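Reader: I would like a close look at one part of this model. Please keep it brisk.

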Amino acid sequence: MLYINVHQIDKLRQFMSPEQLLGMFKNFFDPIKSGKDSLSNSLINQDIDSILKNAHFIKGSSSFMGMQGIYDFCVHIEAELKLEKDPPFKQWQLDLESIWIGSESEATNTYSIK
């Protein structure tokens with residue numbers, strides 16, 4: 001497993017019905033509801049304040065949902081923005097798309113999300 005934290009998802013499965021978990025996954029991977037499109041647009045526009053706000057929001061929800069790859073990515077860009085004089089915004093935007101697709105694919109294949 002590269003993108004998901006199965007232990008966190010198993011914790012969620014202990015107190016949620018499969019239908020509830022499926023609904024949460026669908027909402028999480030919705031690019032608008034999740035904030036993913038907002039983060040992507042912020043990266044394209046190189047809007048640091050908006051990037052930090054959106055990354056922080058997604059970091060929290062991805063941690064709760066067990067989406068480790070997305071969580072790690074958000075932690076990375078938050079930390080790097082504090083250090084970088086010339087952040088690689090375009091690369092981060094491409095990385096976000098890749099990690100998002102990989103996370104959704106892994107979650108779908110592991111938990112039969114459709």
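Is glutamate 78 buried or exposed, and why does it count that way?

Author: This is a predicted model. Start with the accessibility. Glutamate 78 has a relative accessible area of 12%. Buried means under 20%, so glutamate 78 counts as buried.

Next, its place and its surroundings. Glutamate 78 sits in helix H5, which covers residues 68-83. Leave aside residues up to four places away in sequence, and glutamate 78 touches Leu52, Ala55, His56 and Lys59. One of these neighbours also makes a polar contact. The side chains of glutamate 78 and lysine 59 are joined by it, at 2.8 Å.

Now set another residue beside it. Asparagine 27 is in helix H2. Its relative accessibility is 39%. Beyond residues up to four places away in sequence, asparagine 27 touches Lys33 and Ser34. Asparagine 27 and aspartate 86 are 59 residues apart in sequence. In space, 33 Å separates them, C-alpha to C-alpha.

The largest pocket holds about 210 Å³ of space. Eleven residues line it, and the closest to its centre are Pro18, Glu19, Leu21, Leu22 and Tyr111. By type, the lining has seven nonpolar residues, two polar and two charged.

Conventions
Residues are numbered from 1 along each chain as its sequence is written. This is a predicted model: local features need pLDDT of at least 70, side-chain atom pairs count only at pLDDT 80 or more; totals for chains, interfaces and linings use all residues. Side-chain values use heavy atoms; hydrogens and water are left out. On a 1 Å grid over the protein atoms alone, a cavity is a set of points where a 1.4 Å probe fits but cannot get out, and a pocket is an open set with protein on both sides within 12 Å along at least five of seven lines; lining residues have an atom within 4 Å of a point. Grid points are joined across faces, edges and corners, and a volume is the space filled by probe spheres set on the points. Ala, Val, Leu, Ile, Met, Phe, Trp, Tyr, Cys and Pro count as nonpolar, Asp, Glu, Lys and Arg as charged, and the others, Gly among them, as polar. Helices (H or I, at least four residues) and strands (E, at least two) are DSSP runs, numbered from the N terminus. Buried means under 20% relative accessible area, exposed over 50%, partly exposed in between (1.4 Å probe, protein chains only). A polar contact is a pair of N or O atoms within 3.5 Å; within protein, one must be able to donate a hydrogen and the other to accept it, and residues adjacent in sequence count only if both atoms are side-chain atoms. Contact means heavy atoms within 4.5 Å.
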